[in-house]
Amino acid sequence: MNAPTLSQPVGRRDFIKLSGLAGGGLALAFYLRSGGEARAATSGDFAPNAFVRIAPSGVVTIVSKQPEMGQGVKTSLPMVIAEQLEVPWQGIRIEQGDFDLQKYGNQSAGGSNSTPNNYDQFHLLGATVRTMLVAAAAQTWKVPAAECRAAEGAVFHTSGKSLKYGQLAATAATLPVPAKEAVKLKDPKDYKLLGRRIPQIDTRAIVTGAPLFGLDVRLPGMLYAVYEKCPAFGGKVLSANLDQIKALPGVKDAFVFEGSGKVKELVPGVAIVAESTWAAFSARRQLKVTWDEGKVAGESWDGFVAEARRKAAQPGRVLRKDGDVDAALAGAAKVVSAEYLYPFISHANLEPQNTTAHWKDGVMEVWSPTQVPATAAGMVSRVLKIPENKIVLHITRAGGGFGRRISADFFVEAAAIAQRVQAPVKLTWSREDDLRHDHYRPGGIHFLQGGVDAGGKVIAWKNHFFTFGEGGSPGSGGNLSADEFPGRWIPHFKSEQTMFDTGWPMGPWRAPGSCVFAWVFHSFIDELAHAAGRDPLELRLEILGDRDMMPSSGGGTKGGGGYNVARMRNVLKFAAEKFGWGKKKYARGQGAGLAFHFSHRGYIAQVAEVTVAKDGQLRVDRFVSACDIGAQVVNLSGAENQVEGSVVDGLGTLMTQEINIERGRVTQSNFTDYPLIRITEAPLKIETYFLKTDHPTTGLGEPALPPVAPAICNAIFAATGKRVRQMPLSRTDLRWS
Amino acid sequence: MKYTLNVNGQSRMVDVAPDTPLLWVLRDNLELSGTKFGCGVGQCGACTVHLNGVPARACMTPVSTVGRMRVTTIEGLAAEAARLHPVQQAWSELDVAQCGYCQAGQIMTAAALLKDNPRPNDQDIDGAMAGNLCRCGTYLRIRAGIKRAAEIAGGMKEASQ
């Protein structure tokens, strides 16, 4: 890990340079060790890259370097290589790569970055290997390469003779890696795999219950650990009944960690190590700890909300100021004022946090469902004083990510415990640990005022946003960009931000920031549309205006800077057309609503159709998503699954999710009081459409989530006349008569 | 305490505390990790197994209460290794899973539903599956998967008649 990192996307030119340098330094990242699996890794071997191996038997193995957590990259990115390589998907082997910065470069999965960061490279990788195999065949037959073509895992000559890739691997290994200019990418119209619906490569293992996940790791002689932390965030251990715990059946050891002093690293607590998970869980019930809860125990959500309301009219830090918003509001034909509030929420991955670690001979070997191997290894190195080259990390499948496993707290806990135990040890968090010691999506409160003129045009927008931070800066997703839509589009605009500094741990939650700002702002735009008596679609198109690009104004750099208004306009019209916006008359209790959002490089517009029963019961009858994620949907099944999942997640989060913090601790404990959406509440119908454009292919783990909640809330308003200004929905009375 | 359990048609002996949930016996003692831990309080359904063919929450079933009941886990659902259960086949065809963590429990519940009701409608499906959480939100594919499994099972039944 002392080698230069590849944390930035590697351009095509760089790839070629790196390949040309095979044998040293950076080139290792793309260096295939051997043409055949049995051969030694020496310079000059068939070395297309580190991601592809072709065995003499013909078996093609593609290494998936990015962690898989349900977003589908373990299938979709290898599809790109297989497409260019011309190998049949059936029979292909995909291995999860271990953490290896030199070999693979950036391996973190988050921010919907896996696809855009790897897509072009993987095309070139696959095509490079194919080119070398074709060259090997041409050399074998002593014919021009132009007379040879690759298909179905073999090279064919115009004469009709053919050689399978496995037969060519050894010869290919002796050839130089071709320059980029000598590698021809396939014409997209010839794609056989990309754009098709391909089931996940791990499907069989999933449906038969084969071990895949972090929690399924099993090692000879393994012990099982739990880790008790202070209910109030960051509280320290004063004393614990360790002697009593150590005497309990099945318990091997119990000890205290003082923690690294940071609320998102190794936090103070008591570890219990036992012969089985249940022995550890049982012993924990007998554990008695006296905590020093510290000043965080004086902090409560309700207290901050009350303080925000007191300070709403006071000035905050100005994020953006265009025109004269107060004068515009004073002169507006209609003014709407509203308070929007959303709570902290948890990630609630269904697989509780866990990690298995083995400390032996100065090496820390770890198996973990992490999203961020480099961050996790770095934290272990820093906190436990282990050189990074003495950390071996195996990435397991994760039972859900949603941003939670971008934090490495559970990872460092396991490694710290392992350092004290003469055996491999698996740390398992309980569901209660998971809900009470998450790194939460920060809650927030917005005090909004908007004005429309006599012509129904939105002329003024003012917002004072109250957010939460830890250690002096806002939590992930808790910082409002100066450019957040509709900033830049409204002539008289002012946004201000006030942060409450807390000791509460916060972290990225699926589409950080966007997941809440889209709800607030597209709900409020809807309020302005109704106040002006305008159609919500028409008003949104008017706000977007005629320009095709809106440059960023220095305050925000998301999506590489700039907002492609044309893409959003097109996708919004596409969604409206697919839905049939404005074509249907609804009875009271039924209605449609829409919203759009740009985040994580994706342009998404969505329309919801809902029924609200007289008793207030919400049902989403139909949900239409229109997505512009560029030129190519990689795996259509995976892409649709991400959008469908985003719709259900957006709805579920809206309906019930709420973490309440009182006296510095979470009051919820399990799915009994932190209910997740169930099948009975899922939409009846979800339709997903992709608008193919000439833009680069981008990711889909996040961008389809943000507009879901506002589309549904706007539909609820259309159905009932009730405006939802607080999450979760369970706090709003939707009954009507 | 020593217990002899009937798991996936095999007799398995374990020596564990009587209050150990079947979930942890399966996972830690019998190396059957397909049955998942999600909540420990019977709320998520990730640990669903069949006891005498009836879906049960393994996390809420102390090993001492299992007795001679037949325990079927996801690993034992397919009648033979080469041929998957219709629900497993349908899940594979329709690419139901995202992260996949809950799916063993979903499949076990769905398989029990189809045994009782070979042609369930949406209401039947929602009613039967309401106890199984999917954090990734694959519920629409679960509905479709159960209908597809019903077709597959129907076809197999016809073929065998």
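Predicted model: local features only at pLDDT ≥ 70, side-chain atom pairs only at ≥ 80, totals over all residues.
Colleague: Between which two strands of chain A is the loop that holds A:Pro486?

Modeller: Residues are numbered from 1 along each chain as its sequence is written, chains are lettered from A and ligands numbered from 1 in the order in which they are written, and side-chain values use heavy atoms, with hydrogens and water left out. Strands (E, at least two residues) and helices (H or I, at least four) are DSSP runs numbered from the N terminus. By that numbering, the loop with A:Pro486 lies between strand S20 (473-474) and strand S21 (492-502).

Colleague: What is the omega of the cis peptide bond that joins A:Met727 and A:Pro728?

Modeller: One cis bond runs from A:Phe485 to A:Pro486, where omega is near 10°. A:Pro728 is placed in the segment after helix H18 (708-720) of chain A, and the cis bond that joins this proline to A:Met727 has an omega of about -5°.

Colleague: Which strand runs antiparallel to S21(A), and which one pairs with it in the parallel sense?

Modeller: Two strands count as paired if DSSP finds at least two bridges between them. Five bridges join S21(A) to the antiparallel strand S12 (residues 317-322), with A:Lys321 having A:Lys494 as its bridge partner. The parallel pairing extends over 11 bridges, and A:Glu470 stands opposite A:Thr502 in S21(A). The antiparallel strand is therefore S12 and the parallel one is S19 (residues 458-470).

Colleague: What is the phi of A:Ala511, which is not a glycine?

Modeller: The residue sits in the loop between S21 and helix H14 (514-532) of chain A. Because its relative accessibility is 0%, A:Ala511 counts as buried, a term that means under 20% relative accessible area with a 1.4 Å probe and protein chains only, against over 50% for exposed and partly exposed in between. Its phi is positive, at about 60°.

Colleague: How many of the 19 residues of H14(A) are buried?

Modeller: H14(A) reaches 26 Å from its first C-alpha to its last, close to the 27 Å expected at 1.5 Å a residue, the expected span being 1.5 Å times one less than the number of residues. Just after H14(A), A:Gly533 takes a positive phi of about 70°. S21(A) is mostly covered, with eight of its 11 residues buried; H14(A) is mostly covered as well, and its buried residues number 16.

Colleague: How large is the area buried between chain B and chain A?

Modeller: The model scores ipTM 0.98 and pTM 0.94, and 51 residues of chain B are in contact (heavy atoms within 4.5 Å) with 61 residues of chain A. B:Gln98, B:Tyr101 and B:Arg135 supply 18% of the area that chain B buries against chain A, more than any other three residues. Buried area is the accessible area (1.4 Å probe) that two parts lose on being put together, summed over both. Carbon and sulfur atoms give 55% of the total, which is about 4,500 Å².

Colleague: Which residue of chain A meets B:Lys36 in a salt bridge?

Modeller: A salt bridge is a side-chain nitrogen of Lys or Arg within 4 Å of a carboxyl oxygen of Asp or Glu, and the count between chain B and chain A is six. For B:Lys36 the N to O distance is 2.6 Å, and the partner is A:Asp216.
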